[in-house]
Amino acid sequence: MLSDRVRKLKPSPTLAVTQRAAELRAAGKDIIGLGAGEPDFDTPEHIKQGAIDAINKGETKYTAVDGTARLKDAIIAKLKRDNQLEYKPEQVLVSCGGKQSFFNLCQAIVDPGDEIVILGPYWVSYPAMVELAGGQPVVVNAGIDQDFKVSAEQLDAAITPKTKAVFLNSPSNPTGKAYSHAELKALGEVLKKHEHVLVATDDMYEPFLWTDEPFANVLMLCPALYDRTLVMNGVSKAYSMTGWRIGYAAGPAEIIKAMKKVQSQSTSNPASISQAAAATALEGDLAEVHKMRDAFRERADFVIAELNKIKGLRALPSDGTFYSFPHCEEAIKELGLADDVQFAEHLLNEAGVAVVPGSAFGAPGYFRLSYATSQENLEKAMQRIGDLLGRE
Ligand code: PLP
């Protein structure tokens with residue numbers, strides 16, 4: 001009855017963990033959820049007010065498929081202000097979350113047999129979306145010993161005549177690491193050489209960065225890639241607006257037009273009210289965003305120090321996001337478990353802490369922990385994991 005396509009599709013494992021934790025909670029267990037991929041802060045008040053104003057003004061009808069003129073202008077101004085990148089309205093598409101932006105992109109550029117090079121550990125949805133479009137994900141993985149960062153040589157070796165695009169994400173979900181400017185430049189030089197390859201830079205965690213260097217993506221450092229790079233971003237994480245579902249893509253007009261065609265036959269425009277809220281967010285300053293960033297940074301320092309005191313775990317200092325991606329191979333062995341999936345189940349069942357196994361991100365032997373929760377929860381979670389696994 002079901003299509004081959006959908007039978008091959010795996011459900012999002014991050015949502016599966018959240019679901020399992022919710023079930024245990026419903027059964028009366030005290031579960032600390034460190035699995036979810038969203039900020040724990042409320043959407044800032046002035047953004048909510050922007051949505052309320054839109055409702056009161058009657059902005060409740062279909063908008064242009066690719067987004068309202070107001071929101072597209074706000075996106076263009078943001079890309080100029082923060083990224084020194086220039087775009088015209090026909091180079092911008094607003095979608096129902098960053099997820100739909102990537103979905104549209106895959107549908108627009110991937111033919112059967114095309115390869116998409118994904119720098120891993122990767123965001124769970126990239127390979128599934130490539131496969132749904134009939135393409136072949138080619139994952140290039142970097143482990144903890146190379147700071148979770150793929151080298152220029154590795155990227156070069158992965159590109160073939162069949163490569164359609166390269167997807168990269170920095171700061172990274174799940175690792176919390178960011179490529180340095182020099183590392184991005186080196187990747188950019190490889191991409192410059194392979195002229196048939198498109199580039200998608202996923203900048204979803206742009207403001208949650210605390211390296212000495214300011215944020216940069218590969219296009220900002222290699223402007224020569226402008227005609228074949230898609231900048232993918234959104235308001236979900238930056239403004240704590242995950243439920244509003246607004247993401248956007250900016251890039252070559254021909255590709256944006258094709259992505260818009262896909263969207264016109266699926267969802268049409270994202271919700272008019274969410275678009276008004278997103279415009280309010282982007283038109284405003286970054287004060288609230290920086291407050292969140294500072295809170296995440298403080299929590300990162302605490303969580304990573306605690307993780308490294310626990311037997312069999314190793315976590316790198318983080319550069320940004322609200323994730324840590326500890327190595328847990330030794331703990332797995334010590335416990336006599338088979339893999340990271342069993343390890344995550346063990347933490348959930350025995351310590352009441354929900355995390356996501358690394359294999360969901362193409363990196364077995366690790367787990368992803370989100371510190372987008374209260375300090376109290378984090379302290380309790382670290383205590384429980386430490387009690388379960390023992391301390392160094
Ligand atoms: N890209 C990355 C790296 C993400 O982590 C996420 C969300 O988890 C997205 C894109 C999509 O965000 P959304 O669809 O919620 O806007």
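Trainee: Which residues does Trp244 touch, not counting residues up to four places away in sequence?

Mentor: A contact means heavy atoms within 4.5 Å, and Trp244 touches Thr43, Lys48, Ala51, Ser274 and Ala277 once residues up to four places away in sequence are set aside. This is a predicted model, in which local features need pLDDT of at least 70 and side-chain atom pairs count only at pLDDT 80 or more, while totals for chains, interfaces and linings use all residues. Residues are numbered from 1 along each chain as its sequence is written, and side-chain values use heavy atoms, with hydrogens and water left out.

Trainee: Where is Trp244 found, and is Trp244 buried or partly exposed?

Mentor: Helices (H or I, at least four residues) and strands (E, at least two) are DSSP runs numbered from the N terminus, and Trp244 is found in the loop between β7 (229-234) and β8 (247-250). Buried means under 20% relative accessible area, exposed over 50%, and partly exposed in between, with a 1.4 Å probe and protein chains only; Trp244, at 21%, is partly exposed.

Trainee: With which side chain does the side chain of His194 make a polar contact?

Mentor: A polar contact is a pair of N or O atoms within 3.5 Å; within protein, one must be able to donate a hydrogen and the other to accept it, and residues adjacent in sequence count only if both atoms are side-chain atoms. For His194 the partner is the side chain of Asp156, at 2.7 Å. His194 lies in the loop between α8 (181-193) and β6 (198-202) and is buried, with a relative accessible area of 16%.

Trainee: Which residues are around the ligand?

Mentor: A residue is near a molecule if one of its heavy atoms lies within 4 Å of it, and the residues around the ligand include Gly98, Trp123, Asn173 and Arg245. A backbone N or O atom of Gly98 lies 2.7 Å from an oxygen atom of the ligand, and a ligand oxygen atom is 2.8 Å from an N or O atom in the side chain of Arg245. Accessible areas come from the Shrake-Rupley method with a 1.4 Å probe, and for residues only the protein chains shown count as cover; taken alone the ligand exposes 400 Å², of which the protein buries 92%. The largest share of the shell, three residues, comes from helix α5 (residues 97-109).

Trainee: How many helices and strands does the protein chain have?

Mentor: The protein chain has 15 helices and 12 strands. Its radius of gyration is 21 Å, close to the 21 Å that the globule rule gives for 392 residues, so the chain is as compact as a globular protein of that length; the radius is taken over C-alpha atoms, and the rule is 2.2 Å times the number of residues to the power 0.38. Buried residues make up 55% of the 392 residues.
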